[in-house]
Amino acid sequence: MHRRTKHRRARPALPCDSRAPRAAEGAPVLQLPSDHPRPSSASYHAARHSFVLPASLVTGLQRQAQRQGATLFMALLAGFQALLQRYTGQDDIRVGVPIANRHRVEIENIVGSFVNTQVLRNGIDSRAPLKVLLDQAREAALGAQTHQDLPFEQLVEALQPERNLNQNPLFQVMYNHLREDADVLEILPGLMMENHVLGEQAAQFELTLDTTERPDGQVIALFSYAAELFEPETIERLGAHYLHLLRQLAEHPERILGDIDLLSAEEKAQLR
């Protein structure tokens, strides 16, 4: 998490912010509405929901990101943060993002995992245009790169958030973007690759979004979620709303976040 707070404007907190439990001073816990009560300790089974982003949407997002000096990752992140704001009503959105942390020359030839976790924060005003949210996501991502050596554990130790067994400190949702190119590995001499199916896994967080960018340009999104908290239909609806916000960012970046109608015609009919 970076300290370039000069990019964030001071805004009055939304009414629901004052009621949200706080993990640390100035760090509200993300209150995602769940289908079932949260237990006293966070021990969840993982369930998954995946979908493919339409090619036209990916092209539109890339075009809009280029206009604003951003990347596809930043556009997908901005859309995810906007989605979380609409679902929670909170304006301080923090998302954990893993990074490879392999920018140092001295570890280039070392085999192993050096992955670190950064906390990307976006102060979202529901009356702001979507393109402003993308600008803020870009600035947060670029600023965080200058502090990528700071271990997450040291960040937690320095901020000393209030610890709770049923929540992760500093952030409650994770986002990871990968650029997949298995063909590069297949040409390495002496290396053989084999796929292994993972068994039943636990959910590390209440909600995790993984997006994978394939060599052919296809982008696949995967929501991993706590099965004890959310019903499959809820996450499927969440995915549809995420796609809708991404389309608005790609096609109408000047639209105000709070003015965007997330409900489909079918959902409106259910409400009626």
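## The overall picture

Take the contacts in this protein between residues at least 6 apart in sequence: 73% of them join residues at least 24 apart, where contact means heavy atoms within 4.5 Å. The model is a predicted one, so local features need pLDDT of at least 70 and side-chain atom pairs count only at pLDDT 80 or more, while totals for chains, interfaces and linings use all residues. Residues are numbered from 1 along each chain as its sequence is written, and side-chain values use heavy atoms, with hydrogens and water left out.

The protein has seven helices and nine strands; these are DSSP runs numbered from the N terminus, with helices being H or I of at least four residues and strands E of at least two. Of the 272 residues, 46% are buried, meaning under 20% relative accessible area with a 1.4 Å probe, protein chains only.

## H1 against H2

Two packed helices are described by the angle between their axes and the distance between the axes. Helix H1 (residues 55–67) and H2 have axes that come within 8 Å and cross at roughly 105 degrees. Axes here are lines fitted to C-alpha atoms over the stretch in contact, with angles from 0 to 180 degrees between N-to-C directions. That puts H1 roughly perpendicular to H2, the label for 65 to 115 degrees.

On the H1 side, the contact uses Val 58, Leu 61, Gln 62 and Ala 65, and H2 supplies Leu 72, Ala 75 and Leu 76. By class, that's six nonpolar, one polar and no charged residues. Ala, Val, Leu, Ile, Met, Phe, Trp, Tyr, Cys and Pro count as nonpolar, Asp, Glu, Lys and Arg as charged, and the others, Gly among them, as polar.

## H2 against H6

H2 (residues 72–88) also meets helix H6 (residues 232–251), with axes that come within 9 Å and cross at roughly 125 degrees. The pair is therefore oblique.

From H2 come Ala 75, Leu 76, Gly 79, Phe 80, Ala 82, Leu 83 and Tyr 87, and from H6 Arg 237, Leu 238, His 241, Tyr 242, Leu 245, Leu 246 and Leu 249. This contact has 11 nonpolar, two polar and one charged residues.

## Thr 211

Thr 211 sits in strand S8 (residues 207–213) and counts as buried, at 1% relative accessibility. Leaving aside neighbours within four places in sequence, Thr 211 is in contact with residues including Leu 76, His 177, Leu 178 and Val 219.

Key. Angles under 35 degrees count as roughly parallel, over 145 as roughly antiparallel, 65 to 115 as roughly perpendicular and the rest as oblique. Buried means under 20% relative accessible area, exposed over 50%, partly exposed in between (1.4 Å probe, protein chains only).
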